[in-house]
Amino acid sequence: MTAQGLWSVFEHAAAPQKVVLILLCAALPGVLIAALLGARSQRNIWRRVVADLRIAGPALGLFVGGLNSFHMGHTLQKLPFDPTLKQIAPGVLEVSTLVSLGALAGLVAVAAHAAMSVTHAGKRTH
């Protein structure tokens with residue numbers, strides 16, 4: 001997805017979805033910063049942040065995407081006409097964006113956690 005496409009989804013999203021999109025976008029550089037701090041520090045808090053984001057990112061994206069799908073389906077059932085795929089596409093794109101960003105945040109956290117584990121193990125052997 002391009003930055004323009006992400007902005008379009010964000011622009012048309014409801015306030016709760018905007019908050020989650022901001023959190024997931026912030027999690028991407030946030031997990032890298034936490035990993036760098038965790039690799040340089042003996043404090044476990046940064047390692048816990050990275051470890052927790054492995055699950056929290058995808059879970060948040062799936063949860064809000066699922067709620068979004070549920071709301072969209074419920075709304076479509078109430079319509080007095082059959083909407084076209086073009087009319088439904090923005091909602092599907094919003095759900096896909098939430099799920100994809102959550103998965104990306106989780107994957108970045110998995111990679112950062114693995115890198116921190118290698119770095120931390122290397123420090124213990126020296």
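A charge is said to sit over a ring if NZ of Lys or CZ of Arg is within 6 Å of the ring centre and within 35 degrees of the ring normal. In this predicted model, K18 meets that description, lying over the face of F10 at 5.4 Å from the ring centre. Residues are numbered from 1 along each chain as its sequence is written, and side-chain values use heavy atoms, with hydrogens and water left out. Because the model is predicted, local features need pLDDT of at least 70 and side-chain atom pairs count only at pLDDT 80 or more, whereas totals for chains, interfaces and linings use all residues.

Two packed helices are described by the angle between their axes and the distance between the axes. For α1 (residues 3–12) and α2, the axes come within 9 Å and cross at roughly 145°; these axes are lines fitted to C-alpha atoms over the stretch in contact, with angles running from 0 to 180 degrees between N-to-C directions. On the α1 side L6, V9, F10 and E11 take part, and they meet K18, L21, I22 and C25 of α2, where contact means heavy atoms within 4.5 Å. The residues of this contact divide into 6 nonpolar, no polar and 2 charged, with Ala, Val, Leu, Ile, Met, Phe, Trp, Tyr, Cys and Pro counted as nonpolar, Asp, Glu, Lys and Arg as charged, and the others, Gly among them, as polar.

From here the reader can turn to the interior. In soluble globular proteins, nonpolar side chains tend to be buried together. A nonpolar core is taken as a set of buried Ala, Val, Leu, Ile, Met, Phe, Trp, Tyr and Cys residues joined through side-chain atoms within 4.5 Å, and buried means under 20% relative accessible area, exposed over 50%, and partly exposed in between (1.4 Å probe, protein chains only). The largest such core has 11 residues, namely V9, A13, V20, L21, L24, A27, L28, V64, L98, L101 and A105. Helices α2 (15–40) and α4 (85–125) each supply at least two residues of this core, and α2 gives the most, with 5 residues. A second, separate core of 7 residues includes A35, V50, A109 and A112.

Q17, found in helix α2, counts as buried because its relative accessibility is 13%, and, leaving aside its neighbours within four places in sequence, Q17 is in contact with V64, N68, E94 and L98. L23, also in α2, counts as partly exposed because its relative accessibility is 49%, and its C-alpha atom is separated by 9.9 Å from that of A105, 82 residues apart along the chain. L32 lies in α2 and is likewise partly exposed, at 47% relative accessibility. In α4, P90 is exposed, with a relative accessible area of 51%.

Technical notes
Helix = DSSP H or I, 4+ residues; strand = E, 2+ residues; numbered from the N terminus.
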